[in-house]
Amino acid sequence: MRHLIPEFEKLKERLPKGLDSTLVLPCLRRIQEDRGYIADEDIDGLVEYLDVPRIQIEEVLTFYSMLRRKPIGRFHLQVCHNVSCTMRGAERMIDSLSRRLGVQPGQTTPDGRFTLSRVECLGSCGTAPVVMVNERYHELQSEESLEQLVAELERS
Ligand code: FES
(Lines give C-alpha, C1' and ligand atoms only; values in the text may rest on other atoms or scores of the structure.)
Protein backbone atom coordinates (compact mmCIF):
# COMPACT_ATOMS: atom_id res chain seq x y z
CA MET A 1 0.00 0.00 0.00
CA ARG A 2 3.01 2.31 0.32
CA HIS A 3 2.72 3.44 -3.29
CA LEU A 4 -0.84 4.65 -2.56
CA ILE A 5 0.21 7.04 0.20
CA PRO A 6 0.41 10.09 -2.14
CA GLU A 7 -3.27 9.46 -2.99
CA PHE A 8 -4.15 9.06 0.69
CA GLU A 9 -2.35 12.32 1.46
CA LYS A 10 -4.68 14.11 -0.97
CA LEU A 11 -7.67 12.68 0.91
CA LYS A 12 -6.16 13.86 4.20
CA GLU A 13 -5.83 17.39 2.85
CA ARG A 14 -9.62 17.54 2.43
CA LEU A 15 -10.30 16.66 6.07
CA PRO A 16 -10.23 18.85 9.16
CA LYS A 17 -7.26 18.04 11.40
CA GLY A 18 -7.64 15.09 13.73
CA LEU A 19 -10.08 13.13 11.56
CA ASP A 20 -7.56 10.85 9.84
CA SER A 21 -9.19 7.78 11.33
CA THR A 22 -12.24 8.41 9.10
CA LEU A 23 -10.05 7.46 6.15
CA VAL A 24 -10.02 3.77 7.09
CA LEU A 25 -12.84 2.84 4.71
CA PRO A 26 -11.73 4.92 1.67
CA CYS A 27 -8.15 3.67 2.10
CA LEU A 28 -9.29 0.04 2.32
CA ARG A 29 -11.45 0.45 -0.80
CA ARG A 30 -8.53 1.93 -2.73
CA ILE A 31 -6.17 -0.82 -1.58
CA GLN A 32 -8.66 -3.46 -2.69
CA GLU A 33 -9.10 -1.77 -6.04
CA ASP A 34 -5.33 -1.85 -6.44
CA ARG A 35 -4.46 -5.34 -5.12
CA GLY A 36 -7.81 -7.12 -5.43
CA TYR A 37 -8.04 -7.80 -1.70
CA ILE A 38 -6.75 -6.56 1.67
CA ALA A 39 -3.59 -8.35 2.80
CA ASP A 40 -2.21 -8.49 6.36
CA GLU A 41 0.59 -6.14 5.34
CA ASP A 42 -2.01 -3.59 4.17
CA ILE A 43 -3.62 -3.62 7.60
CA ASP A 44 -0.22 -3.21 9.26
CA GLY A 45 0.54 -0.33 6.89
CA LEU A 46 -2.74 1.45 7.63
CA VAL A 47 -2.34 1.02 11.40
CA GLU A 48 0.96 2.83 11.12
CA TYR A 49 -0.08 5.41 8.51
CA LEU A 50 -3.42 6.45 10.05
CA ASP A 51 -2.31 5.83 13.63
CA VAL A 52 -5.48 3.85 14.38
CA PRO A 53 -5.88 0.68 16.46
CA ARG A 54 -5.81 -2.53 14.41
CA ILE A 55 -9.24 -3.48 15.80
CA GLN A 56 -10.77 -0.42 14.13
CA ILE A 57 -9.62 -1.67 10.73
CA GLU A 58 -10.70 -5.25 11.51
CA GLU A 59 -14.17 -3.97 12.46
CA VAL A 60 -14.57 -2.19 9.12
CA LEU A 61 -13.34 -5.30 7.29
CA THR A 62 -15.81 -7.57 8.99
CA PHE A 63 -18.75 -5.16 8.65
CA TYR A 64 -18.53 -4.51 4.92
CA SER A 65 -18.92 -7.74 2.95
CA MET A 66 -17.59 -6.07 -0.21
CA LEU A 67 -14.14 -5.87 1.39
CA ARG A 68 -12.15 -9.05 0.79
CA ARG A 69 -9.32 -10.61 2.80
CA LYS A 70 -8.21 -13.07 0.15
CA PRO A 71 -7.68 -13.01 -3.60
CA ILE A 72 -10.61 -13.72 -5.89
CA GLY A 73 -11.00 -14.68 -9.52
CA ARG A 74 -10.86 -12.30 -12.46
CA PHE A 75 -14.66 -12.39 -12.61
CA HIS A 76 -16.52 -12.22 -9.32
CA LEU A 77 -20.05 -13.52 -9.72
CA GLN A 78 -22.14 -12.38 -6.77
CA VAL A 79 -25.62 -13.84 -6.73
CA CYS A 80 -28.18 -12.20 -4.44
CA HIS A 81 -30.12 -14.73 -2.39
CA ASN A 82 -32.43 -12.44 -0.43
CA VAL A 83 -36.21 -12.72 -0.55
CA SER A 84 -37.06 -11.13 -3.92
CA CYS A 85 -34.23 -12.86 -5.75
CA THR A 86 -34.89 -16.22 -4.11
CA MET A 87 -38.58 -16.01 -4.98
CA ARG A 88 -37.55 -15.51 -8.58
CA GLY A 89 -35.11 -18.41 -8.81
CA ALA A 90 -31.81 -17.26 -7.28
CA GLU A 91 -31.11 -20.59 -5.57
CA ARG A 92 -31.59 -22.48 -8.85
CA MET A 93 -29.23 -20.00 -10.51
CA ILE A 94 -26.61 -20.54 -7.80
CA ASP A 95 -26.89 -24.33 -8.22
CA SER A 96 -26.64 -24.01 -11.96
CA LEU A 97 -23.59 -21.70 -11.79
CA SER A 98 -22.04 -24.00 -9.23
CA ARG A 99 -22.38 -27.00 -11.58
CA ARG A 100 -21.23 -25.00 -14.62
CA LEU A 101 -18.10 -23.63 -12.90
CA GLY A 102 -17.37 -26.68 -10.73
CA VAL A 103 -17.14 -24.63 -7.53
CA GLN A 104 -19.30 -23.98 -4.50
CA PRO A 105 -20.26 -20.44 -3.41
CA GLY A 106 -17.22 -18.88 -1.75
CA GLN A 107 -14.81 -20.73 -4.04
CA THR A 108 -12.70 -19.77 -7.04
CA THR A 109 -12.17 -21.92 -10.12
CA PRO A 110 -8.71 -23.54 -10.27
CA ASP A 111 -7.76 -21.38 -13.26
CA GLY A 112 -8.43 -18.25 -11.19
CA ARG A 113 -11.04 -16.98 -13.63
CA PHE A 114 -14.29 -17.11 -11.65
CA THR A 115 -15.27 -16.67 -8.02
CA LEU A 116 -18.85 -17.51 -7.10
CA SER A 117 -20.43 -15.81 -4.10
CA ARG A 118 -23.84 -15.87 -2.49
CA VAL A 119 -24.57 -12.34 -1.23
CA GLU A 120 -27.24 -10.42 0.61
CA CYS A 121 -29.59 -7.89 -1.05
CA LEU A 122 -27.88 -5.93 -3.81
CA GLY A 123 -30.51 -3.19 -3.56
CA SER A 124 -32.16 -3.91 -6.87
CA CYS A 125 -35.08 -6.06 -5.70
CA GLY A 126 -37.43 -4.67 -8.36
CA THR A 127 -35.33 -6.28 -11.07
CA ALA A 128 -34.73 -9.59 -9.28
CA PRO A 129 -32.99 -11.92 -9.67
CA VAL A 130 -29.78 -9.93 -9.72
CA VAL A 131 -26.17 -10.97 -10.23
CA MET A 132 -23.17 -8.69 -9.99
CA VAL A 133 -20.10 -9.42 -12.08
CA ASN A 134 -17.28 -7.36 -10.64
CA GLU A 135 -18.79 -3.85 -10.42
CA ARG A 136 -21.58 -4.39 -12.96
CA TYR A 137 -25.21 -5.33 -12.28
CA HIS A 138 -27.00 -7.95 -14.39
CA GLU A 139 -30.69 -7.75 -13.66
CA LEU A 140 -33.72 -9.94 -14.44
CA GLN A 141 -31.45 -12.95 -14.82
CA SER A 142 -32.32 -16.58 -15.44
CA GLU A 143 -30.36 -19.84 -15.63
CA GLU A 144 -30.30 -19.43 -19.42
CA SER A 145 -29.12 -15.80 -19.43
CA LEU A 146 -26.40 -16.64 -16.91
CA GLU A 147 -25.24 -19.54 -19.06
CA GLN A 148 -24.85 -17.06 -21.90
CA LEU A 149 -23.11 -14.52 -19.66
CA VAL A 150 -20.58 -17.06 -18.37
CA ALA A 151 -19.89 -18.22 -21.93
CA GLU A 152 -19.19 -14.59 -22.93
CA LEU A 153 -16.89 -14.11 -19.94
CA GLU A 154 -15.03 -17.30 -20.81
CA ARG A 155 -14.34 -15.95 -24.29
CA SER A 156 -13.07 -12.57 -23.03
S1 FES B 1 -33.42 -9.27 -2.85
FE2 FES B 1 -32.00 -9.43 -4.47
S3 FES B 1 -31.53 -7.38 -4.96
FE4 FES B 1 -32.80 -7.23 -3.20
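Predicted model: local features only at pLDDT ≥ 70, side-chain atom pairs only at ≥ 80, totals over all residues.

Q: What's the angle between α6 and α7, and how far apart are their axes?
A: Helix α6 (residues 90-101) and helix α7 (residues 143-155) pack at about 35°, and their axes are 10 Å apart.

Q: Which residues of α6 and α7 meet there?
A: On the α6 side you've got R92, M93, S96, L97 and R100. They meet E143, L146, E147 and V150 of α7.

Q: And how does that contact between α6 and α7 split by class?
A: Four residues are nonpolar, one is polar and four are charged.

Q: OK, zooming out. What secondary structure does the chain have overall?
A: Seven helices and four strands. Going from the N terminus, the order is α-α-α-α-β-α-α-β-β-β-α.

Q: How much of the chain is buried?
A: 21% of the 156 residues count as buried. The C-alpha trace spans about 55 × 35 × 25 Å along its principal axes.

Q: Let's look at α2. Which residues are buried in it?
A: C27, L28 and I31. Viewed down the axis of α2, the buried residues fall within an arc of 100°, so they line one face of the helix.

Q: Why would positions spaced like that point the same way?
A: An α-helix has 3.6 residues a turn, so residues three or four places apart point the same way.

Q: What covers the buried residues of α2?
A: The cover includes α1 (5-13), α3 (40-50) and α4 (54-63). On the face turned away from the buried side, α2 carries the exposed residues P26 and E33.

Q: What about phi at D51?
A: D51 has a positive phi of about 55°, and it isn't a glycine. It's in the loop between α3 and α4.

Q: Is D51 buried or exposed, and why?
A: Exposed, because D51 has 9 C-beta neighbours inside 10 Å, and 12 or fewer counts as exposed.

Q: And what's phi like at L140?
A: Positive there too, about 50°, although L140 is not a glycine. L140 is in the loop between β4 (136-138) and α7. With 12 C-beta neighbours inside 10 Å, L140 counts as exposed.

How values were computed:
Residues numbered from 1 in each chain as written. Buried ≥ 20, exposed ≤ 12 C-beta atoms within 10 Å, placed from the backbone. Helix = DSSP H or I, 4+ residues; strand = E, 2+ residues; numbered from the N terminus. Arc of directions from axis to C-beta. Contact = placed C-beta atoms within 7 Å. Axes fitted to C-alpha atoms, helices over the stretch in contact; angles between N-to-C directions. Nonpolar A, V, L, I, M, F, W, Y, C, P; charged D, E, K, R; others polar.
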